Amino acid sequence: YRNVQTFTVDDKNRYQVLVPRGCVNAHLCLTDTCVFNYKLTYGYVQQQDQITLKWNDPEYKIFWPIKEPILSLRDS
């Protein structure tokens, strides 16, 4: 609970990350182009029912290697 793990996934290591149900996850693309795929072991949860956190929430103290990311409207 409230633990943070980070992974660098790229075309060289080709890692996959399993995020258990009930956990939140975030993605940061460090290149001009990236492709991100995910699949769920359960049905899609509608946006209004999803858990969201602000990317730089001070409570979680998550290290992001950039200071001013380009955010989606939802994440702004």
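Hi everyone, let's begin with a cysteine. C29 is partly exposed, with a relative accessible area of 32%. Before I go on, please keep in mind that this is a predicted model.

So which residue does a disulfide join to C29? The partner is C34, and the S to S distance is 2.5 Å. If the term is new to you, a disulfide is a covalent bond between the sulfur atoms of two cysteines. C34 is partly exposed as well, at 48% relative accessibility. A search of the whole structure turns up one disulfide. While we're on cysteines, C23 also counts as partly exposed, with a relative accessibility of 44%.

Now for the charged side chains. How many salt bridges does a search of the whole structure find? The count is two. Side chains of opposite charge can pair when their charged atoms come close. R2 is partly exposed, with a relative accessible area of 42%.

In the other pair, the side chains of D11 and K12 meet at 3.6 Å, N to O. Are these two buried or exposed? D11 is exposed at 60% relative accessibility, and K12 is exposed too, with a relative accessible area of 69%.

Let's finish on the surface. There you can find a nonpolar patch formed by F7, V9, Y15, V17 and V19. Together they have about 460 Å² of accessible area.

Key:
Residues are numbered from 1 along each chain as its sequence is written. This is a predicted model: local features need pLDDT of at least 70, side-chain atom pairs count only at pLDDT 80 or more; totals for chains, interfaces and linings use all residues. Side-chain values use heavy atoms; hydrogens and water are left out. A salt bridge is a side-chain nitrogen of Lys or Arg within 4 Å of a carboxyl oxygen of Asp or Glu. Buried means under 20% relative accessible area, exposed over 50%, partly exposed in between (1.4 Å probe, protein chains only). Patches are made of residues with over 30% relative accessible area and no salt bridge: like charges are joined within 9 Å, nonpolar side chains (Val, Leu, Ile, Met, Phe, Trp, Tyr) within 5 Å. Accessible areas come from the Shrake-Rupley method with a 1.4 Å probe; for residues, only the protein chains shown count as cover. A disulfide is a pair of cysteine sulfur atoms within 2.5 Å.
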